[in-house]
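Student: I would like to go through this model question by question. Please give the cut-offs as they come up.

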Amino acid sequence: YTPGMQRYGAAVWTGDQTESWEALQRQPLYLLAWQQAGVGFVTCDTGGFRGGGETPELLVRWYQLSTFMSIMRVHSTKTEVPHFPWLWGAEAEVAMRKAMNLRYRFIPMLYSLAHHQYTSFEAMFHPLLYFWPEDPHAQVATDQWFVGRHLMVAPMLSVFPPWRQVYLPP
């Protein structure tokens with residue numbers, strides 16, 4: 001990281017992550033940390049890069065999370081099953097296609113947020129504590145975030161339980 005690199009439109013990625021639920025769970029915190037450091041363009045290896053521990057559901061969850069990052073990049077090593085949707089079963093393929101279609105609909109918003117970041121120096125993504133700094137729940141919420149000021153994202157980051165709690169500040 002070089003302070004000021006964001007003025008050149010530089011992007012960072014969260015490293016060669018394993019194909020695991022644990023690695024997936026770390027991505028929102030990485031995204032928010034880079035945003036607070038001033039870097040707007042953050043990506044991960046959607047699906048993880050190495051490890052071989054992937055299931056169709058895990059890959060779908062990676063796609064869904066990556067939909068709401070500034071850059072969506074599906075990537076893996078040559079020795080792993082490629083993260084192409086059609087290689088993971090019909091149900092997973094449909095879910096990944098839905099995530100990609102949503103991503104394409106989301107791109108104009110990202111362009112607008114990137115321009116706003118460039119002109120106002122306000123991050124594209126915000127932790128909850130950005131808007132509610134005195135709220136103790138918002139201070140520790142690192143698995144959900146705002147895209148811009150109006151869209152809250154709270155992705156599924158674990159297989160069990162098959163639901164998740166979302167904190168809605170007052």
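Student: Is F131 buried, partly exposed or exposed?

Tutor: This is a predicted model, in which local features need pLDDT of at least 70 and side-chain atom pairs count only at pLDDT 80 or more, while totals for chains, interfaces and linings use all residues. Residues are numbered from 1 along each chain as its sequence is written, and side-chain values use heavy atoms, with hydrogens and water left out. Buried means under 20% relative accessible area and exposed over 50%, with partly exposed in between (1.4 Å probe, protein chains only). The relative accessibility of F131 is 23%, so F131 counts as partly exposed.

Student: Which class of ring pair do F131 and F146 form?

Tutor: Rings of Phe, Tyr and Trp (its six-membered ring) pair if their centres lie within 6.5 Å; planes under 30 degrees apart are stacked, over 60 edge-to-face, and the rest tilted. The ring centres of F131 and F146 are 5.1 Å apart and the planes stand at 75 degrees, so the pair is edge-to-face.

Student: Which elements hold F131 and F146?

Tutor: Helices (H or I, at least four residues) and strands (E, at least two) are DSSP runs, numbered from the N terminus. The two residues are 15 apart, and the pair links distant parts of the chain. F131 is in helix α4 (residues 128-131) and F146 in strand β4.

Student: Which residues do ring pairs link into a cluster?

Tutor: By the ring rule there are six aromatic pairs. One of them is F131 with W132, whose centres are 5.8 Å apart and whose planes are at 70 degrees, so this pair is edge-to-face. W132 is partly exposed at 25% relative accessibility, whereas F146 is buried at 8%. The cluster linked by ring pairs consists of Y130, F131, W132 and F146.

Student: Which residues does W145 contact beyond four places in sequence?

Tutor: Contact means heavy atoms within 4.5 Å. With neighbours within four places left aside, the contacts of W145 are P28, L31, L32, L65, F68, F125, H126, L128, L151, M152, V153 and P155.

Student: How many residues of α2 are buried, and against which elements do they pack?

Tutor: The buried residues of α2 include L58, W62 and L65. They pack against α1, α3 and β4. The count of buried residues in α2 is eight of eleven.

Student: Which element gives the most to the lining of the largest pocket?

Tutor: On a 1 Å grid over the protein atoms alone, a pocket is an open set of points where a 1.4 Å probe fits, with protein on both sides within 12 Å along at least five of seven lines; lining residues have an atom within 4 Å of a point. Of its 17 lining residues, Q6, G38, Q117, Y118 and F121 are the closest to the centre. Three lining residues, the most from any element, come from α3.

Student: What is the phi of F121?

Tutor: F121 sits in the loop between α3 and β3 (125-127). It is exposed, with a relative accessible area of 73%. Although F121 is not a glycine, its phi is positive, at about 65 degrees.

Student: How far apart are the C-alpha atoms of T43 and W13?

Tutor: T43 lies in strand β2 (residues 41-43) and is buried at 5% relative accessible area. Not counting residues up to four places away, T43 touches V12, W13, T14, M69, I71, M72 and R73. T43 and W13 are 30 residues apart along the chain, and their C-alpha atoms are separated by 4.6 Å.

Student: Is the peptide bond from F160 to P161 cis or trans?

Tutor: P161 lies in the segment after β5 (151-153). With omega near -5 degrees, the bond from F160 to P161 is cis.
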